[in-house]
Amino acid sequence: MEIVVLPSTRDVHATAARIVAAQVRARPATVLGLATGVTQQSVYEELVRLHRDDGLDFSAVTTFNLDEFIGVGRGHPDALHHYMTEHFFRHVNLQADHIHIPDGLAADIDRECRDYEAAIQTAGGIDLQLLGIGEDGHIGFNEPTSSLGSRTRMKTLVPGDRHVITMGIATILQARRCVMLAWGERKQAAVARMVEGPLTSMVPASALQLHPRVTVLVDELAAAGLKLVDYYREVHRNKPAWQRERDGV
Ligand code: GLP
(Lines give C-alpha, C1' and ligand atoms only; values in the text may rest on other atoms or scores of the structure.)
Protein backbone atom coordinates (compact mmCIF):
# COMPACT_ATOMS: atom_id res chain seq x y z
CA MET A 1 0.00 0.00 0.00
CA GLU A 2 1.12 3.49 -0.71
CA ILE A 3 0.25 5.81 2.15
CA VAL A 4 0.10 9.51 1.30
CA VAL A 5 -0.30 11.87 4.24
CA LEU A 6 -1.70 15.20 3.06
CA PRO A 7 -1.80 18.47 4.99
CA SER A 8 -5.56 19.00 4.85
CA THR A 9 -8.89 17.34 4.14
CA ARG A 10 -9.17 19.52 1.07
CA ASP A 11 -5.93 18.04 -0.27
CA VAL A 12 -7.37 14.54 0.18
CA HIS A 13 -10.40 15.40 -1.96
CA ALA A 14 -8.44 17.36 -4.55
CA THR A 15 -5.81 14.62 -4.91
CA ALA A 16 -8.42 11.89 -5.33
CA ALA A 17 -10.22 13.95 -7.97
CA ARG A 18 -6.93 14.63 -9.74
CA ILE A 19 -6.14 10.90 -9.84
CA VAL A 20 -9.58 10.12 -11.30
CA ALA A 21 -9.27 12.95 -13.82
CA ALA A 22 -5.81 11.79 -14.94
CA GLN A 23 -7.14 8.25 -15.40
CA VAL A 24 -10.10 9.47 -17.48
CA ARG A 25 -7.89 11.72 -19.62
CA ALA A 26 -5.38 8.91 -20.23
CA ARG A 27 -8.12 6.42 -21.05
CA PRO A 28 -11.46 8.01 -21.95
CA ALA A 29 -13.26 4.61 -21.85
CA THR A 30 -12.22 4.09 -18.25
CA VAL A 31 -14.30 1.89 -15.94
CA LEU A 32 -14.65 3.65 -12.59
CA GLY A 33 -15.72 2.03 -9.33
CA LEU A 34 -17.57 4.62 -7.24
CA ALA A 35 -18.35 4.96 -3.55
CA THR A 36 -20.73 7.11 -1.52
CA GLY A 37 -20.61 8.55 2.00
CA VAL A 38 -19.61 11.94 3.33
CA THR A 39 -15.99 11.16 2.48
CA GLN A 40 -16.59 11.20 -1.27
CA GLN A 41 -18.85 14.25 -1.55
CA SER A 42 -16.16 16.81 -2.15
CA VAL A 43 -14.40 14.48 -4.59
CA TYR A 44 -17.51 14.54 -6.77
CA GLU A 45 -17.78 18.29 -6.30
CA GLU A 46 -14.24 18.68 -7.60
CA LEU A 47 -14.84 16.28 -10.52
CA VAL A 48 -17.94 18.30 -11.47
CA ARG A 49 -15.81 21.45 -11.38
CA LEU A 50 -13.18 19.83 -13.60
CA HIS A 51 -15.92 18.81 -16.02
CA ARG A 52 -17.40 22.32 -16.10
CA ASP A 53 -14.23 24.39 -16.12
CA ASP A 54 -11.61 22.12 -17.69
CA GLY A 55 -13.76 20.04 -20.03
CA LEU A 56 -13.14 16.73 -18.27
CA ASP A 57 -15.12 14.37 -20.49
CA PHE A 58 -17.07 11.44 -19.01
CA SER A 59 -18.91 10.53 -22.22
CA ALA A 60 -17.01 7.26 -22.71
CA VAL A 61 -16.64 6.41 -19.00
CA THR A 62 -18.49 3.48 -17.42
CA THR A 63 -19.25 3.44 -13.69
CA PHE A 64 -20.07 0.76 -11.13
CA ASN A 65 -21.09 1.77 -7.62
CA LEU A 66 -20.13 -0.35 -4.65
CA ASP A 67 -23.52 -0.78 -3.06
CA GLU A 68 -27.22 0.04 -2.75
CA PHE A 69 -30.04 -0.35 -0.23
CA ILE A 70 -32.64 -3.00 -0.93
CA GLY A 71 -36.26 -1.91 -1.07
CA VAL A 72 -35.72 1.64 -2.27
CA GLY A 73 -36.05 2.90 -5.82
CA ARG A 74 -33.34 5.01 -7.41
CA GLY A 75 -35.23 8.25 -6.78
CA HIS A 76 -35.79 7.59 -3.08
CA PRO A 77 -33.87 10.00 -0.83
CA ASP A 78 -32.24 7.05 1.02
CA ALA A 79 -31.06 5.41 -2.20
CA LEU A 80 -27.36 5.60 -2.95
CA HIS A 81 -28.44 6.05 -6.55
CA HIS A 82 -30.13 9.28 -5.42
CA TYR A 83 -26.90 10.40 -3.69
CA MET A 84 -24.96 9.72 -6.89
CA THR A 85 -27.48 11.58 -9.05
CA GLU A 86 -27.44 14.62 -6.79
CA HIS A 87 -23.69 14.82 -6.20
CA PHE A 88 -22.34 13.64 -9.53
CA PHE A 89 -24.40 12.11 -12.34
CA ARG A 90 -26.69 15.02 -13.11
CA HIS A 91 -23.76 17.45 -13.29
CA VAL A 92 -21.54 15.56 -15.77
CA ASN A 93 -21.87 14.01 -19.23
CA LEU A 94 -21.92 10.31 -18.31
CA GLN A 95 -24.17 8.29 -20.62
CA ALA A 96 -27.14 6.90 -18.70
CA ASP A 97 -26.54 3.35 -19.94
CA HIS A 98 -22.93 3.49 -18.74
CA ILE A 99 -24.03 3.94 -15.11
CA HIS A 100 -24.35 0.83 -12.94
CA ILE A 101 -25.68 0.64 -9.39
CA PRO A 102 -27.25 -2.51 -7.97
CA ASP A 103 -31.04 -2.34 -8.30
CA GLY A 104 -32.53 -2.18 -4.81
CA LEU A 105 -35.94 -3.09 -6.20
CA ALA A 106 -34.83 -6.20 -8.12
CA ALA A 107 -37.36 -9.04 -7.73
CA ASP A 108 -34.59 -11.65 -7.68
CA ILE A 109 -31.74 -10.33 -5.52
CA ASP A 110 -29.36 -13.27 -6.08
CA ARG A 111 -29.78 -12.89 -9.80
CA GLU A 112 -29.23 -9.12 -9.58
CA CYS A 113 -25.95 -9.79 -7.75
CA ARG A 114 -24.79 -12.34 -10.31
CA ASP A 115 -25.73 -10.01 -13.16
CA TYR A 116 -23.81 -7.17 -11.49
CA GLU A 117 -20.65 -9.27 -11.32
CA ALA A 118 -21.15 -10.29 -14.94
CA ALA A 119 -21.63 -6.67 -16.02
CA ILE A 120 -18.31 -5.71 -14.40
CA GLN A 121 -16.58 -8.51 -16.30
CA THR A 122 -18.28 -7.56 -19.57
CA ALA A 123 -17.10 -3.97 -19.14
CA GLY A 124 -13.54 -5.31 -18.88
CA GLY A 125 -13.17 -4.97 -15.10
CA ILE A 126 -12.80 -1.86 -12.97
CA ASP A 127 -9.77 0.32 -13.74
CA LEU A 128 -9.96 2.56 -10.69
CA GLN A 129 -12.03 1.97 -7.57
CA LEU A 130 -12.71 4.80 -5.13
CA LEU A 131 -13.15 3.64 -1.54
CA GLY A 132 -13.96 5.01 1.89
CA ILE A 133 -13.64 3.19 5.17
CA GLY A 134 -16.13 2.69 7.99
CA GLU A 135 -15.09 3.28 11.60
CA ASP A 136 -15.18 -0.50 12.10
CA GLY A 137 -12.98 -1.02 9.04
CA HIS A 138 -15.68 -1.93 6.54
CA ILE A 139 -15.47 -1.28 2.82
CA GLY A 140 -18.62 -1.07 0.73
CA PHE A 141 -21.09 -2.79 3.03
CA ASN A 142 -18.67 -5.58 3.85
CA GLU A 143 -18.96 -5.47 7.61
CA PRO A 144 -16.47 -7.18 9.96
CA THR A 145 -16.29 -10.97 9.38
CA SER A 146 -17.37 -10.60 5.75
CA SER A 147 -15.61 -13.30 3.76
CA LEU A 148 -12.41 -12.10 2.17
CA GLY A 149 -13.51 -14.15 -0.85
CA SER A 150 -16.95 -12.56 -1.06
CA ARG A 151 -18.53 -11.39 -4.32
CA THR A 152 -21.50 -9.10 -4.90
CA ARG A 153 -24.29 -10.27 -2.59
CA MET A 154 -26.99 -9.28 -0.15
CA LYS A 155 -26.01 -8.30 3.39
CA THR A 156 -28.12 -7.54 6.44
CA LEU A 157 -27.04 -4.47 8.39
CA VAL A 158 -27.37 -4.23 12.16
CA PRO A 159 -28.69 -2.37 13.97
CA GLY A 160 -31.62 -1.31 11.85
CA ASP A 161 -32.37 -4.54 10.03
CA ARG A 162 -31.69 -2.97 6.66
CA HIS A 163 -30.67 -5.02 3.69
CA VAL A 164 -28.19 -4.02 1.05
CA ILE A 165 -26.48 -5.28 -2.07
CA THR A 166 -22.74 -4.76 -1.98
CA MET A 167 -19.76 -5.70 -4.08
CA GLY A 168 -17.78 -8.32 -2.20
CA ILE A 169 -14.24 -8.00 -0.92
CA ALA A 170 -12.95 -10.25 -3.71
CA THR A 171 -14.85 -8.09 -6.23
CA ILE A 172 -13.12 -4.97 -4.90
CA LEU A 173 -9.72 -6.66 -4.92
CA GLN A 174 -10.11 -7.31 -8.65
CA ALA A 175 -10.08 -3.60 -9.50
CA ARG A 176 -6.80 -2.71 -11.18
CA ARG A 177 -6.22 0.21 -8.85
CA CYS A 178 -7.84 1.23 -5.56
CA VAL A 179 -7.81 4.74 -4.13
CA MET A 180 -8.87 4.80 -0.48
CA LEU A 181 -9.68 8.14 1.18
CA ALA A 182 -10.01 8.88 4.86
CA TRP A 183 -9.95 12.08 6.84
CA GLY A 184 -10.62 13.19 10.37
CA GLU A 185 -10.04 11.74 13.80
CA ARG A 186 -13.08 9.49 13.45
CA LYS A 187 -11.18 7.30 10.97
CA GLN A 188 -7.84 7.16 12.83
CA ALA A 189 -8.22 3.70 14.37
CA ALA A 190 -9.72 2.11 11.25
CA VAL A 191 -6.90 3.47 9.07
CA ALA A 192 -4.24 2.12 11.44
CA ARG A 193 -5.87 -1.31 11.52
CA MET A 194 -6.28 -1.38 7.72
CA VAL A 195 -2.66 -0.46 7.02
CA GLU A 196 -0.67 -1.87 9.94
CA GLY A 197 -2.95 -4.42 11.57
CA PRO A 198 -3.16 -8.08 10.68
CA LEU A 199 -5.00 -9.16 7.55
CA THR A 200 -8.32 -10.26 8.97
CA SER A 201 -11.99 -10.37 8.06
CA MET A 202 -12.55 -8.52 11.36
CA VAL A 203 -11.19 -5.49 9.47
CA PRO A 204 -12.47 -5.93 5.92
CA ALA A 205 -10.32 -3.05 4.62
CA SER A 206 -7.19 -4.93 5.72
CA ALA A 207 -7.84 -7.17 2.68
CA LEU A 208 -6.39 -4.29 0.65
CA GLN A 209 -2.99 -5.43 1.94
CA LEU A 210 -3.31 -8.17 -0.70
CA HIS A 211 -3.92 -5.70 -3.51
CA PRO A 212 -0.91 -4.78 -5.69
CA ARG A 213 -1.91 -1.15 -6.27
CA VAL A 214 -3.62 0.74 -3.48
CA THR A 215 -3.16 4.44 -2.82
CA VAL A 216 -4.34 5.54 0.62
CA LEU A 217 -4.95 9.30 0.87
CA VAL A 218 -5.24 10.54 4.45
CA ASP A 219 -5.11 13.87 6.23
CA GLU A 220 -3.00 14.41 9.35
CA LEU A 221 -5.83 13.49 11.71
CA ALA A 222 -6.69 10.21 10.01
CA ALA A 223 -2.96 9.37 9.86
CA ALA A 224 -2.32 10.03 13.55
CA GLY A 225 -2.71 6.38 14.59
CA LEU A 226 -0.11 5.08 12.11
CA LYS A 227 3.08 3.82 13.77
CA LEU A 228 5.20 4.15 10.63
CA VAL A 229 3.89 7.55 9.61
CA ASP A 230 7.38 9.07 9.37
CA TYR A 231 8.44 6.25 7.06
CA TYR A 232 5.43 6.86 4.76
CA ARG A 233 6.22 10.57 4.65
CA GLU A 234 9.86 9.91 3.82
CA VAL A 235 9.01 7.40 1.09
CA HIS A 236 6.59 9.84 -0.48
CA ARG A 237 9.03 12.74 -0.25
CA ASN A 238 11.56 10.69 -2.19
CA LYS A 239 9.15 9.30 -4.76
CA PRO A 240 10.69 9.64 -8.22
CA ALA A 241 9.09 12.13 -10.60
CA TRP A 242 8.17 9.43 -13.14
CA GLN A 243 6.23 7.56 -10.45
CA ARG A 244 4.45 10.73 -9.33
CA GLU A 245 3.51 11.35 -12.94
CA ARG A 246 2.22 7.80 -13.37
CA ASP A 247 0.25 7.73 -10.10
CA GLY A 248 -1.00 11.31 -10.02
CA VAL A 249 0.36 11.72 -6.51
C1 GLP B 1 -20.83 3.52 4.50
C2 GLP B 1 -20.57 2.98 3.08
C3 GLP B 1 -19.10 2.87 2.78
C4 GLP B 1 -18.42 4.14 3.27
C5 GLP B 1 -18.44 4.17 4.77
C6 GLP B 1 -17.93 5.48 5.35
O7 GLP B 1 -21.61 2.66 5.25
N8 GLP B 1 -21.22 1.72 2.77
O9 GLP B 1 -18.90 2.67 1.38
O10 GLP B 1 -17.10 4.18 2.84
O11 GLP B 1 -19.70 3.82 5.30
O12 GLP B 1 -18.86 6.50 5.20
P13 GLP B 1 -18.48 8.05 5.36
O14 GLP B 1 -17.67 8.41 4.17
O15 GLP B 1 -19.80 8.73 5.38
O16 GLP B 1 -17.71 8.17 6.62
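Asp127 is buried, with a relative accessible area of 9%; here buried stands for under 20% relative accessible area, exposed for over 50%, and partly exposed for anything in between (1.4 Å probe, protein chains only). The model is a predicted one, in which local features need pLDDT of at least 70 and side-chain atom pairs count only at pLDDT 80 or more, while totals for chains, interfaces and linings use all residues. Residues are numbered from 1 along each chain as its sequence is written, and side-chain values use heavy atoms, with hydrogens and water left out.

## Salt bridges

Let us stay with Asp127 for a moment. Its partner in a salt bridge is Arg176, with 2.9 Å between the closest N and O atoms. A salt bridge here is a side-chain nitrogen of Lys or Arg within 4 Å of a carboxyl oxygen of Asp or Glu. Arg176 sits in the loop between helix 5 (169-173) and strand 9, and Asp127 in the loop between helix 4 and strand 6, so this pair ties together parts that are 49 residues apart in sequence. Helices (H or I, at least four residues) and strands (E, at least two) are DSSP runs, numbered from the N terminus.

Side chains of opposite charge can pair when their charged atoms come close. The whole structure holds 17 salt bridges, and the table sets out three of these pairs.

| Pair | N to O distance | Relative accessible area |
|---|---|---|
| Arg151 and Glu117 | 2.9 Å | Arg151 30%, Glu117 12% |
| Glu86 and Arg90 | 3.3 Å | Glu86 33%, Arg90 54% |

Arg151 and Glu117 form a salt bridge. This pair links distant parts of the chain, 34 residues apart: Arg151 is in the loop between strand 6 and strand 7 (153-157), and Glu117 is in helix 4 (residues 109-122). In the Glu86 and Arg90 pair, Glu86 counts as partly exposed and Arg90 as exposed. There is also a network of salt bridges, which links Glu2, Arg213, Lys239, Arg246 and Asp247.

Now for the inside of the model. The largest nonpolar core has 33 residues, and those with the most contacts inside it are Leu47, Phe58, Phe88 and Leu217. Such a core is a set of buried Ala, Val, Leu, Ile, Met, Phe, Trp, Tyr and Cys residues joined through side-chain atoms within 4.5 Å. Among the elements that give two or more residues to this core are strand 1 (2-6), helix 2 (38-54) and helix 3 (80-87). Helix 1 supplies the largest share, 7 residues.

Which residues does Phe88 touch? Leaving aside residues up to four places away in sequence, Phe88 touches Leu34, Tyr44, Leu47, Val48, Phe58 and Leu94. Another core, of 32 residues, lies apart from the largest one and includes Leu66, Ala182, Val195 and Ala223.

## One side of helix 3

Helix 3 has Leu80, His81, Tyr83 and Met84 as its buried residues. They cover an arc of only 160° around the axis, taken from the directions from the helix axis to the C-beta atoms, which puts them on the same side of helix 3. These buried residues pack against strand 2, helix 2, strand 3 (62-65) and strand 4 (67-69), where contact means heavy atoms within 4.5 Å.
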